[in-house]
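Student: I would like to learn how to read a helix and its packing in a model. Could we work through one case?

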Amino acid sequence: MSFINYAAKEINYKIVYYGPALCGKTKNLQYIHEKTPPDAKGKMISLATEADKMIFFDFLTIFPGEIHGFKARFHLYTVPGQVSDVTPHKLILKGIDGIVFVADSQKERHDANIESLNDLRQNLQEQGHDLDSIPLVIQYNKRDLPNIMPVADMRKDLNPRGVEDFEACANAGTGVFETLKAIAKSMLSNMNRG
(Lines give C-alpha, C1' and ligand atoms only; values in the text may rest on other atoms or scores of the structure.)
Protein backbone atom coordinates (compact mmCIF):
# COMPACT_ATOMS: atom_id res chain seq x y z
CA MET A 1 0.00 0.00 0.00
CA SER A 2 1.07 3.56 -0.57
CA PHE A 3 3.00 5.13 2.27
CA ILE A 4 1.84 8.60 3.28
CA ASN A 5 4.19 10.85 5.22
CA TYR A 6 1.91 13.59 6.57
CA ALA A 7 4.77 15.59 8.13
CA ALA A 8 6.63 15.85 4.82
CA LYS A 9 3.38 15.91 2.77
CA GLU A 10 4.57 13.00 0.61
CA ILE A 11 2.84 9.97 -0.89
CA ASN A 12 5.08 7.07 -1.89
CA TYR A 13 3.83 4.50 -4.40
CA LYS A 14 5.52 1.20 -5.25
CA ILE A 15 5.25 -0.06 -8.82
CA VAL A 16 6.80 -3.41 -9.76
CA TYR A 17 7.69 -4.36 -13.33
CA TYR A 18 7.27 -8.14 -13.51
CA GLY A 19 7.80 -10.61 -16.33
CA PRO A 20 9.99 -13.39 -17.70
CA ALA A 21 13.75 -13.16 -18.11
CA LEU A 22 14.99 -10.70 -20.73
CA CYS A 23 11.50 -9.38 -21.57
CA GLY A 24 12.52 -5.72 -21.22
CA LYS A 25 11.73 -4.75 -17.63
CA THR A 26 15.14 -3.13 -17.10
CA LYS A 27 14.96 -1.45 -20.52
CA ASN A 28 11.68 0.19 -19.46
CA LEU A 29 13.29 1.68 -16.36
CA GLN A 30 16.41 2.73 -18.26
CA TYR A 31 14.31 4.56 -20.84
CA ILE A 32 12.21 6.27 -18.13
CA HIS A 33 15.39 7.31 -16.32
CA GLU A 34 17.02 8.59 -19.52
CA LYS A 35 14.01 10.69 -20.60
CA THR A 36 12.92 12.05 -17.20
CA PRO A 37 14.30 15.51 -16.33
CA PRO A 38 17.06 15.47 -13.65
CA ASP A 39 14.96 17.33 -11.09
CA ALA A 40 12.13 14.77 -11.41
CA LYS A 41 14.08 11.58 -10.74
CA GLY A 42 16.50 9.89 -8.41
CA LYS A 43 19.40 7.66 -9.32
CA MET A 44 18.74 4.37 -11.03
CA ILE A 45 20.21 1.49 -9.09
CA SER A 46 20.82 -1.89 -10.75
CA LEU A 47 22.35 -4.98 -9.31
CA ALA A 48 23.50 -6.90 -12.38
CA THR A 49 26.05 -9.54 -13.34
CA GLU A 50 28.90 -9.03 -15.79
CA ALA A 51 26.68 -10.58 -18.46
CA ASP A 52 24.28 -7.66 -17.86
CA LYS A 53 21.57 -9.93 -16.49
CA MET A 54 19.79 -8.65 -13.44
CA ILE A 55 20.42 -10.80 -10.38
CA PHE A 56 18.25 -9.05 -7.81
CA PHE A 57 16.44 -5.89 -8.88
CA ASP A 58 16.50 -2.47 -10.49
CA PHE A 59 15.19 0.56 -8.64
CA LEU A 60 14.27 4.06 -9.79
CA THR A 61 12.34 6.85 -8.08
CA ILE A 62 10.55 9.51 -10.10
CA PHE A 63 8.74 12.58 -8.80
CA PRO A 64 5.73 13.23 -11.06
CA GLY A 65 4.43 16.24 -9.11
CA GLU A 66 1.67 16.75 -6.57
CA ILE A 67 -1.38 14.63 -5.88
CA HIS A 68 -4.04 16.09 -3.58
CA GLY A 69 -1.48 18.59 -2.23
CA PHE A 70 1.13 15.92 -1.48
CA LYS A 71 4.44 15.43 -3.30
CA ALA A 72 4.23 12.11 -5.12
CA ARG A 73 7.10 9.66 -5.42
CA PHE A 74 6.85 6.61 -7.65
CA HIS A 75 9.32 3.92 -6.68
CA LEU A 76 9.80 1.64 -9.70
CA TYR A 77 11.24 -1.84 -9.20
CA THR A 78 11.94 -4.79 -11.45
CA VAL A 79 12.24 -8.41 -10.43
CA PRO A 80 14.74 -10.87 -11.89
CA GLY A 81 13.22 -12.94 -14.68
CA GLN A 82 15.08 -16.06 -13.65
CA VAL A 83 12.86 -18.03 -11.28
CA SER A 84 15.60 -20.15 -9.68
CA ASP A 85 15.11 -18.26 -6.41
CA VAL A 86 11.73 -16.66 -5.77
CA THR A 87 12.86 -14.93 -2.58
CA PRO A 88 13.68 -11.63 -4.35
CA HIS A 89 10.27 -11.71 -6.06
CA LYS A 90 8.45 -12.07 -2.77
CA LEU A 91 10.51 -9.36 -1.09
CA ILE A 92 10.03 -6.87 -3.91
CA LEU A 93 6.27 -7.51 -4.04
CA LYS A 94 5.79 -6.50 -0.39
CA GLY A 95 3.84 -3.24 -0.08
CA ILE A 96 3.03 -3.11 -3.79
CA ASP A 97 0.62 -0.50 -5.19
CA GLY A 98 0.69 -1.43 -8.87
CA ILE A 99 2.13 -3.96 -11.31
CA VAL A 100 3.30 -3.64 -14.88
CA PHE A 101 3.49 -7.11 -16.39
CA VAL A 102 5.99 -6.98 -19.25
CA ALA A 103 5.42 -9.80 -21.74
CA ASP A 104 7.90 -10.81 -24.44
CA SER A 105 6.03 -10.82 -27.77
CA GLN A 106 8.22 -13.46 -29.43
CA LYS A 107 6.34 -16.70 -30.13
CA GLU A 108 9.05 -18.83 -28.52
CA ARG A 109 8.63 -16.86 -25.25
CA HIS A 110 4.89 -17.48 -24.91
CA ASP A 111 5.23 -20.27 -22.33
CA ALA A 112 7.70 -18.16 -20.31
CA ASN A 113 5.13 -15.31 -20.22
CA ILE A 114 2.43 -17.62 -18.89
CA GLU A 115 4.81 -19.18 -16.35
CA SER A 116 5.86 -15.73 -15.11
CA LEU A 117 2.25 -14.53 -14.79
CA ASN A 118 1.37 -17.68 -12.81
CA ASP A 119 4.46 -17.10 -10.64
CA LEU A 120 3.29 -13.53 -9.98
CA ARG A 121 -0.19 -14.70 -9.03
CA GLN A 122 1.19 -17.37 -6.66
CA ASN A 123 3.70 -15.01 -4.99
CA LEU A 124 0.94 -12.48 -4.36
CA GLN A 125 -1.40 -15.14 -2.96
CA GLU A 126 1.29 -16.26 -0.52
CA GLN A 127 1.30 -12.68 0.79
CA GLY A 128 -2.48 -12.56 1.06
CA HIS A 129 -3.08 -10.53 -2.11
CA ASP A 130 -5.13 -11.25 -5.20
CA LEU A 131 -3.73 -10.24 -8.59
CA ASP A 132 -7.26 -9.43 -9.76
CA SER A 133 -7.65 -6.71 -7.13
CA ILE A 134 -4.30 -4.96 -7.61
CA PRO A 135 -3.86 -2.22 -10.24
CA LEU A 136 -2.30 -3.93 -13.25
CA VAL A 137 -1.21 -2.87 -16.73
CA ILE A 138 0.16 -5.29 -19.32
CA GLN A 139 2.84 -4.36 -21.81
CA TYR A 140 3.48 -6.49 -24.91
CA ASN A 141 7.13 -5.66 -25.46
CA LYS A 142 9.53 -6.35 -28.36
CA ARG A 143 6.90 -5.66 -31.03
CA ASP A 144 9.73 -4.65 -33.38
CA LEU A 145 11.16 -8.18 -33.59
CA PRO A 146 10.35 -10.88 -36.15
CA ASN A 147 8.33 -13.95 -35.17
CA ILE A 148 6.00 -12.16 -32.76
CA MET A 149 2.58 -13.32 -31.61
CA PRO A 150 -0.54 -11.39 -32.60
CA VAL A 151 -1.62 -9.12 -29.75
CA ALA A 152 -5.10 -10.70 -29.81
CA ASP A 153 -3.58 -14.10 -28.97
CA MET A 154 -1.44 -12.62 -26.21
CA ARG A 155 -4.47 -10.84 -24.75
CA LYS A 156 -6.45 -14.07 -24.68
CA ASP A 157 -3.78 -15.84 -22.61
CA LEU A 158 -2.35 -12.97 -20.53
CA ASN A 159 -5.16 -10.46 -20.12
CA PRO A 160 -8.48 -12.23 -19.47
CA ARG A 161 -9.30 -9.48 -16.94
CA GLY A 162 -9.23 -6.91 -19.75
CA VAL A 163 -6.91 -4.42 -18.03
CA GLU A 164 -5.26 -1.65 -20.02
CA ASP A 165 -2.50 -2.98 -22.22
CA PHE A 166 0.05 -1.54 -24.62
CA GLU A 167 2.25 -2.63 -27.46
CA ALA A 168 5.83 -1.55 -26.84
CA CYS A 169 9.43 -1.52 -27.91
CA ALA A 170 11.26 -0.53 -24.74
CA ASN A 171 14.59 -0.18 -26.57
CA ALA A 172 13.12 2.66 -28.64
CA GLY A 173 10.79 3.92 -25.91
CA THR A 174 7.58 3.08 -27.77
CA GLY A 175 4.80 2.47 -25.26
CA VAL A 176 7.04 2.96 -22.21
CA PHE A 177 5.60 6.21 -20.84
CA GLU A 178 2.08 5.24 -21.94
CA THR A 179 2.39 2.12 -19.76
CA LEU A 180 3.73 4.12 -16.80
CA LYS A 181 0.95 6.72 -17.08
CA ALA A 182 -1.69 3.98 -17.24
CA ILE A 183 -0.47 2.21 -14.09
CA ALA A 184 -0.25 5.55 -12.26
CA LYS A 185 -3.82 6.38 -13.28
CA SER A 186 -5.03 2.93 -12.22
CA MET A 187 -3.32 3.22 -8.82
CA LEU A 188 -4.77 6.67 -8.18
CA SER A 189 -8.26 5.48 -9.15
CA ASN A 190 -7.83 2.53 -6.80
CA MET A 191 -6.70 4.86 -4.01
CA ASN A 192 -9.68 7.17 -4.52
CA ARG A 193 -12.06 4.17 -4.34
CA GLY A 194 -10.33 2.98 -1.15
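This is a predicted model: local features need pLDDT of at least 70, side-chain atom pairs count only at pLDDT 80 or more; totals for chains, interfaces and linings use all residues.

Student: What length does helix α3 reach from its first C-alpha to its last?

Tutor: Helices are DSSP runs of H or I with at least four residues, numbered from the N terminus. The expected span is 1.5 Å times one less than the number of residues. Helix α3 (residues 110-126) has 17 residues and reaches 25 Å, close to the expected 24 Å. Gly128, with a positive phi near 85°, follows α3.

Student: Which residues of α3 are buried?

Tutor: An α-helix has 3.6 residues a turn, so residues three or four places apart point the same way. Buried means under 20% relative accessible area, with a 1.4 Å probe and protein chains only. In α3 the buried residues include Asn113, Ser116, Leu117, Leu120 and Leu124.

Student: How do α3 and α4 pack?

Tutor: Two packed helices are described by the angle between their axes and the distance between the axes. For α3 and α4 (residues 151-158), the angle is about 30° and the axes are 11 Å apart. Therefore α3 is roughly parallel to α4 (angles under 35 degrees count as such).

Student: Which residues meet there?

Tutor: His110, Asn113, Ile114 and Leu117 in α3 meet Met154, Asp157 and Leu158 in α4, where contact means heavy atoms within 4.5 Å.

Methods
Residues are numbered from 1 along each chain as its sequence is written. Side-chain values use heavy atoms; hydrogens and water are left out. Helices (H or I, at least four residues) and strands (E, at least two) are DSSP runs, numbered from the N terminus. Buried means under 20% relative accessible area, exposed over 50%, partly exposed in between (1.4 Å probe, protein chains only). Axes are lines fitted to C-alpha atoms, for helices over the stretch in contact, and angles run from 0 to 180 degrees between N-to-C directions. Angles under 35 degrees count as roughly parallel, over 145 as roughly antiparallel, 65 to 115 as roughly perpendicular and the rest as oblique.
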